[in-house]
Amino acid sequence: AAKKGDSAEAPKPTFNVICEDSVLFPEGGGQPSDRGTLTINGGSIVNVTNVQRVKDACILTTDTALDIGAEVTMNVDWPRRVDHMQHHSAQHLLTAVVEEQLNLPTTSWSLTTPYCFICVPTAKISAEDVQKVEDICNDLIFKATKVERRTYESRAAVPPARSRSIPEDFSGPIRLIDIDGVDVCACCG
């Protein structure tokens, strides 16, 4: 007999899809994955509910199986992507300012809905320090400080930059985020 809260429906199957290339960003480094759709040969639409990186491949989780070799067009859930981009850029800025002003490194961070947070190794930051960091960040945002992405084809080509680390199993192009006059940092998101 079913108990209260039990679902009569079995979980729907999911499928892992690897495409030749992907505009859908995988989960990693504190950032959730993109979501979107695949349009198969200009016809039916398949939902992509998750993207994971395995070495240099993006594994797309879909709700429908695809034929090997199927031609697809990828569409990213743009409002979700823009939200992630804004929060991720803010995390880079906040991490750089906290490190510069308070000499506190970010030990981890997470982009969650509706908040993004960073963790620093301290029991307490004074209200004055919080206000100082907030004022600096707000001023840089108000001035529309330029944020650029630079891509390097290999680890050997990457100039020195602040970074927690680049995953050992990653061999693709390396990206640095340059917040003009504030920070240059390796970034996967």
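This is a predicted model: local features need pLDDT of at least 70, side-chain atom pairs count only at pLDDT 80 or more; totals for chains, interfaces and linings use all residues.
Reader: Which residues make up the largest nonpolar core?
Author: There are twelve: Leu93, Val97, Val98, Leu102, Leu104, Val120, Val133, Cys137, Leu140, Ile177, Ile179 and Cys187.

Reader: Which elements give two or more residues to this core?
Author: Those are α1 (78-102), α2 (127-142) and β9 (174-179). With four residues, α1 gives the most.

Reader: Take valine 98. What does it touch, leaving out residues up to four places away in sequence?
Author: Valine 98 is in contact with Asn103, Leu104, Ile118, Val120 and Val133.

Reader: And the second, separate core, how many residues?
Author: Ten, including Leu38, Ile40, Leu60 and Met74.

Reader: Back to α1. What is its reach from first C-alpha to last?
Author: It spans 35 Å over 25 residues, close to the 36 Å expected at 1.5 Å a residue.

Reader: New topic. How many salt bridges in the whole structure?
Author: A search finds four. One of them joins the side chains of aspartate 34 and arginine 81, at 2.5 Å from N to O.

Reader: Where do aspartate 34 and arginine 81 lie?
Author: Aspartate 34 is in the loop between β1 (15-18) and β2 (36-40) and arginine 81 is in helix α1, so the pair ties together parts 47 residues apart in sequence.

Reader: Aspartate 34 and arginine 81: buried or exposed?
Author: Both aspartate 34 and arginine 81 are buried.

Reader: What does lysine 143 form a salt bridge with?
Author: Aspartate 139, with the closest N and O atoms 3.0 Å apart. Lysine 143 is exposed, at 55% relative accessible area, while aspartate 139 is partly exposed, at 33%.

Reader: And arginine 150, which residue does its side chain meet in a salt bridge?
Author: Aspartate 178, at 2.6 Å from N to O. This pair links distant parts of the chain, with arginine 150 in strand β8 (residues 147-152) and aspartate 178 in strand β9, 28 residues apart.

Reader: Why does aspartate 178 count as buried?
Author: Because its relative accessibility is 11%, and buried means under 20%. Arginine 150 counts as partly exposed, at 35%.

Notes: Residues are numbered from 1 along each chain as its sequence is written. Side-chain values use heavy atoms; hydrogens and water are left out. A nonpolar core is a set of buried Ala, Val, Leu, Ile, Met, Phe, Trp, Tyr and Cys residues joined through side-chain atoms within 4.5 Å. Buried means under 20% relative accessible area, exposed over 50%, partly exposed in between (1.4 Å probe, protein chains only). Contact means heavy atoms within 4.5 Å. The expected span of a helix is 1.5 Å times one less than its number of residues.
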